[in-house]
Amino acid sequence: MNYDLIVIGSGPGGYVAAIRASQLGLKTAIIEKESLGGICLNWGCIPTKALLKSAQVFEYINHAADYGINVDVKGEPDFEAVIKRSRGVAEGMSKGVQFLMKKNKIDVIMGFGKLKGKGAVEVKAADGTVSEHTAKSIILATGGRSRELPNLPQDGKKVIGYRQAMVLPKMPKSMLVVGSGAIGIEFAYFYNAMGCKVTVVEYLDNIVPLEDEEISKQLGRILKKQGINIMTGSTVESVDSSGDLCKISVKTAKGVETLEAEIVLSAVGIATNLEGIGLEEAGVKFDKGRVLVDEFYKTNVEGIYAIGDIVKGQALAHVASAEGIICVEKIAGQHVEPLNYNNIPGCTYCSPEVASVGYTEKAAKEAGYEVKVGRFPFSASGKASAAGAKDGFVKVIFDAKYGEFLGAHMIGYNVTEMIAEVVTARKLEATGHEIIKSVHPHPTMSEAVMEAAADAYGEVIHL
């Protein structure tokens with residue numbers, strides 16, 4: 001078959017790119033080796049949020065008395081049922097992508113796609129049959145997988161990655177999580193809330209190390225209070241998984257400690273899926289596991305593009321989707337702007353949640369800005385008090401000279417739903433005073449953004 005566009009990979013970058021291409025009148029096909037929706041819908045963003053919701057419901061039941069509700073029977077987690085619900089949510093979303101492909105008249109070709117000559121893609125199906133398809137343009141959107149450290153090889157049973165962590169056959173009594181980025185912290189929260197004894201080991205000095213330091217420290221205090229053991233400035237040297245329990249050698253500032261856990265979860269980032277897709281044969285340049293592209297995702301080879309985890313930038317689903325749309329619109333000849341990677345929101349869905357966008361206070365100062373910083377604690381929020389969720393705060397950072405909204409950092413209940421306000425405000429180049437003068441509904445958690453902005457300018461009312 002001959003197409004205007006072939007997309008290799010159907011994750012949130014690939015399937016979104018395919019849909020936008022179809023909307024723009026391009027005859028489009030998408031190639032997927034496993035399940036439509038890719039890792040995000042099947043083994044990442046969506047099913048993990050289902051797991052986390054089960055953990056939150058369990059916590060609500062255990063703390064029902066705090067809300068004046070008497071529950072006669074103590075809640076007990078049914079681990080198999082929790083996992084089954086998560087898989088059901090993922091399957092439903094994948095079927096939704098199947099529907100979108102049919103709706104937009106996109107051909108779905110199941111199999112492993114590989115670049116094969118100019119404008120051609122070879123697809124090897126699960127049964128071994130091979131077909132070849134051609135297109136004027138090809139987008140690589142092959143995504144990533146759990147990264148393995150040399151001293152922490154995964155066996156899929158006792159030493160696992162995020163994929164196995166979502167479908168463990170039984171609830172472990174203990175778990176050691178290596179890495180405290182979003183994936184590590186979300187699983188640490190989930191398993192701890194479900195009754196597992198959890199330890200988190202982080203190489204850097206703070207957990208969620210990409211976040212503003214105040215947020216990192218606050219989250220650390222809260223998670224410790226929840227019962228999670230957190231070891232920062234520490235590294236896992238080796239794991240002996242030969243016995244019933246894994247023996248983990250952890251190097252700390254005080255020396256080497258030996259810890260024990262049923263399961264070791266490696267959450268140290270992702271490795272890109274570049275193997276076997278024909279980059280070398282096609283002459284596509286890549287470096288350090290990333291395909292080299294221009295600001296509109298074109299590679300050095302005419303007609304070949306790359307988006308998502310396999311190019312430089314944040315490895316996030318919404319980033320891949322945005323890149324896919326920009327890439328396709330450029331291919332279609334539309335006027336498009338490059339993506340602003342400093343205005344990408346990041347979210348961690350533990351409880352309390354963490355959300356941020358733009359400069360941290362430290363990064364803003366290092367960039368040469370004179371800053372105004374405002375904070376508003378949820379302990380002063382009426383909605384947060386009513387919800388029984390007073391932990392956390394909103395921190396905003398403005399340029400003192402022009403009022404530019406440099407960044408925002410939040411920790412608290414539902415803050416992942418609040419960060420989009422700041423993303424939009426920064427996109428529209430809103431100033432601090434414009435945020436203050438934008439009337440926010442009361443009582444809401446989002447008022448904290450307005451109050452924090454007012455705090456930065458010495459105008460805060462409720463502090």
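**A walk through the aromatic pairs**

Start by selecting Tyr-191: with a relative accessible area of 0%, Tyr-191 is buried (under 20% relative accessible area is buried, over 50% exposed, in between partly exposed; 1.4 Å probe, protein chains only). Keep in mind that this is a predicted model, where local features need pLDDT of at least 70, side-chain atom pairs count only at pLDDT 80 or more, and totals for chains, interfaces and linings use all residues. Residues are numbered from 1 along each chain as its sequence is written, and side-chain values use heavy atoms, leaving out hydrogens and water.

Zoom out for a moment: the whole structure holds seven aromatic pairs (Phe, Tyr or six-membered Trp rings with centres within 6.5 Å; planes under 30 degrees apart are stacked, over 60 edge-to-face, the rest tilted). Phe-79 sits in helix H4 (residues 79–103) and Tyr-191 in helix H6 (residues 182–193), so the pair ties together parts 112 residues apart in sequence (helices are DSSP runs of H or I, at least four residues, numbered from the N terminus). Phe-79 is buried too, at 7% relative accessibility.

Next, select Tyr-359 and Tyr-369, an edge-to-face pair at 5.5 Å centre to centre and 65° between the planes. Tyr-359 is partly exposed at 21% relative accessible area, and Tyr-369 is partly exposed at 26%.

Last stop, Trp-43: the charged end of Arg-87 sits over its ring, 3.9 Å from the centre (NZ of Lys or CZ of Arg within 6 Å of the ring centre and within 35 degrees of the ring normal).

Technical notes
Helix = DSSP H or I, 4+ residues; strand = E, 2+ residues; numbered from the N terminus.
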